[in-house]
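User: I've got a structure open and a few quick things to ask. Can you walk me through it?

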Amino acid sequence: MKKLLVVVDYQNDFVNGSLGFKAAEALDEPIAAKVEAYRAEGADIVYTMDTHGPQYFDMQEGKKLPIMHCQNGTEGWKLYGKTGEVCKDAMTIGKHTFGSMDLAEMALFKGYDAIEICGVVTNICVMANAILLKAPQPEAEITIDAKCVASNDKRLNDEALDVLESMQFNVINR
């Protein structure tokens with residue numbers, strides 16, 4: 001079975017920076033442990049990095065969320081904590097919006113049977129990437145571990161997990 005772990009946007013700005021929140025900090029150990037377990041199995045690991053530049057405020061996202069974050073090359077753009085350390089040699093996919101077509105195309109090309117997604121923010125980038133991964137490969141088992149995702153709004157986090165479950169994603173550890 002060909003497996004992939006996707007760590008979505010677990011970057012300083014989403015944990016303790018400009019868009020940081022407490023629930024994100026608590027994910028560091030569980031995500032790092034998951035990365036190490038997947039690595040021990042010989043599975044592929046990829047992380048996405050939200051990446052913005054000076055043009056951010058001219059984009060739709062910047063107009064609707066006018067808080068600079070994950071500016072390319074800054075401390076806030078870097079991966080957070082222990083997760084950042086254990087992901088150093090993993091594949092990186094930069095993205096300038098919520099979901100990554102590059103991630104979806106890479107996963108489709110490699111033909112994974114099972115994909116697990118962790119990271120932040122559940123109701124935005126985690127959900128967007130889950131849907132992009134599922135669309136071209138509807139038979140792939142895609143799992144979201146509720147103990148390894150978070151949002152700055154618990155209600156939206158829980159609702160996102162409900163919607164993902166209704167779309168036939170495996171949501172575990174709720």
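User: What covers the buried residues of helix 7?
Analyst: This is a predicted model. The cover includes strand 1, strand 3 (91-95), helix 6, strand 4 (114-120), strand 5 (141-150) and helix 8 (154-166).

User: And which residues of helix 7 are buried?
Analyst: Thr 122, Cys 125, Val 126, Met 127, Asn 129, Ala 130, Leu 133 and Lys 134.

User: Which residues in helix 6 and helix 7 meet?
Analyst: Helix 6 brings Met 101, Leu 103, Ala 104 and Ala 107. Helix 7 brings Asn 129, Leu 132 and Leu 133.

User: How does the contact of helix 6 with helix 7 split by class?
Analyst: Six residues are nonpolar and one is polar.

User: New topic. How many aromatic pairs does the structure hold?
Analyst: Two. In one of them, the rings of Tyr 10 and Tyr 80 have centres 5.6 Å apart. Their planes are at 90 degrees, so this pair counts as edge-to-face.

User: Where do Tyr 10 and Tyr 80 sit in the chain?
Analyst: Tyr 10 is in the loop between strand 1 (3-8) and helix 1 (12-15). Tyr 80 is in the loop between helix 4 (60-64) and helix 5 (81-86). They are 70 residues apart, and the pair links distant parts of the chain.

User: Why does Tyr 10 count as buried?
Analyst: Because its relative accessibility is 0%. Tyr 80 is buried as well, with a relative accessible area of 16%. The cut-off for buried is under 20%.

User: What about Tyr 56 and Phe 57, how far apart centre to centre?
Analyst: They are 5.3 Å apart, with 70 degrees between the planes. That aromatic pair is edge-to-face.

User: Last one, charges on rings. Which ring does the charged end of Lys 2 sit over?
Analyst: The ring of Tyr 112, 5.8 Å from its centre.

User: And Lys 3, which face does that lie over?
Analyst: Lys 3 lies over the face of Tyr 38, at 4.9 Å from the ring centre.

Technical notes. Residues are numbered from 1 along each chain as its sequence is written. This is a predicted model: local features need pLDDT of at least 70, side-chain atom pairs count only at pLDDT 80 or more; totals for chains, interfaces and linings use all residues. Side-chain values use heavy atoms; hydrogens and water are left out. Rings of Phe, Tyr and Trp (its six-membered ring) pair if their centres lie within 6.5 Å; planes under 30 degrees apart count as stacked, over 60 as edge-to-face and the rest as tilted. Helices (H or I, at least four residues) and strands (E, at least two) are DSSP runs, numbered from the N terminus. Buried means under 20% relative accessible area, exposed over 50%, partly exposed in between (1.4 Å probe, protein chains only). A charge sits over a ring if NZ of Lys or CZ of Arg is within 6 Å of the ring centre and within 35 degrees of the ring normal. Contact means heavy atoms within 4.5 Å. Ala, Val, Leu, Ile, Met, Phe, Trp, Tyr, Cys and Pro count as nonpolar, Asp, Glu, Lys and Arg as charged, and the others, Gly among them, as polar.
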